[in-house]
Amino acid sequence: MIEARHLRVLRAVASTGSFSAAGRELGCTQPAVSQQMKALETSVGTPLLVRTGREMRLTQAGEALVRHAAGIIAGLTAAEEEVAAIAGLRAGRVRLVSFPSGSSTLVPTALAALRAAHPGTRVFLEEAEPPKSVELLREGDCDVALAFRYEDASGAEEWDDLVVRPLLTDRLVALVPEGHRLAHAESVAIGELAREPWIAGCPRCRGQLVEVCEGAGFTPRIDFATDDYPAVVGLVGAGLGVAVLPQLAVESVRPRGVRTVTLEPAVRREIVALTLPDLAQVPAVTATLDELAGAGSRQSAAR
């Protein structure tokens, strides 16, 4: 019989490379980790780890078990949460991963509504950009992931194996300094900014910027690149260049010294909340998805 606690220990050892590091991650002692690994190897009847120097290496059987562990743990979590709800336990735990501009706009509204409706539900929030956030979900390290993908983008990520809850369609806007020649334009074609110095955002947004610019017949001269949206806005406000950011990212900061101009033709990204099919049956996860969808609707209506 394979126990879930043993699988969690195996995943920790596989990700950290040692019993002691796994113990620190799990909040237990190195001997306790060693004992649980021995119990798991006894259960499956074959070695799962081989010591190489100071680190542990997975055997072929260990690799197979780790590969299946995320789905097994997610299924067990779903079962535990559903049974608890049926038994009348008015409590739940949701691990939410969001990208930064979602964390400062959609997430606060959603979590405030969730707490008001379900005060016993606890939400743990971490930040990660897609595709990392989606990887965390598939690996069983979170329950809900906020993610986005650009319309018509090459190499768009597939989510066919996940439950997808659409939240918002987010449009890219151009940012120029207040004194810029296009600061009062109603809209701007990205080709009109071809000769400008550029400030680029997160790696995924940076890739989308280059792709859109090259589609308009030029390669942007990127003078500054930063993952921090307030820094992008600050650099534009200081007159150091222009930028293109998702509207949600602009709404997450207080733009000073900049003007936002509608970009034509429109470039949009789809913002969604993702979860695993098993987890979609968990009441706390369902409630979180519902409140995120509500926050997306309110954000759209306010524009």
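**A walk from strand to helix**

Buried here means under 20% relative accessible area, exposed means over 50%, and partly exposed lies in between, with a 1.4 Å probe and protein chains only. In a regular strand, side chains alternate between the two faces of the sheet.

A word on the model: it is predicted, so local features need pLDDT of at least 70 and side-chain atom pairs count only at pLDDT 80 or more, while totals for chains, interfaces and linings use all residues. Residues are numbered from 1 along each chain as its sequence is written, and side-chain values use heavy atoms, with hydrogens and water left out.

Strand S2 has a partner: S1 (residues 49-52) runs antiparallel to S2, and four bridges join them. Two strands pair if DSSP finds at least two bridges between them. Leu49 has Leu58 of S2 as its bridge partner. Helices (H or I, at least four residues) and strands (E, at least two) are DSSP runs, numbered from the N terminus.

Next comes helix H4 (residues 60-86), which holds Gly71. Gly71 counts as partly exposed because its relative accessibility is 43%. Gly71 and Arg138 are 67 residues apart in sequence, yet their C-alpha atoms are 7.9 Å apart in space.

Finally, look at helix H6 (residues 106-117), where Leu106, Val107, Ala110 and Leu114 are buried. These four cover an arc of only 80° around the axis, so they sit on the same side of H6; the arc is that of the directions from the helix axis to the C-beta atoms. On the other side of H6, Ala112, Arg115 and Ala116 are exposed.
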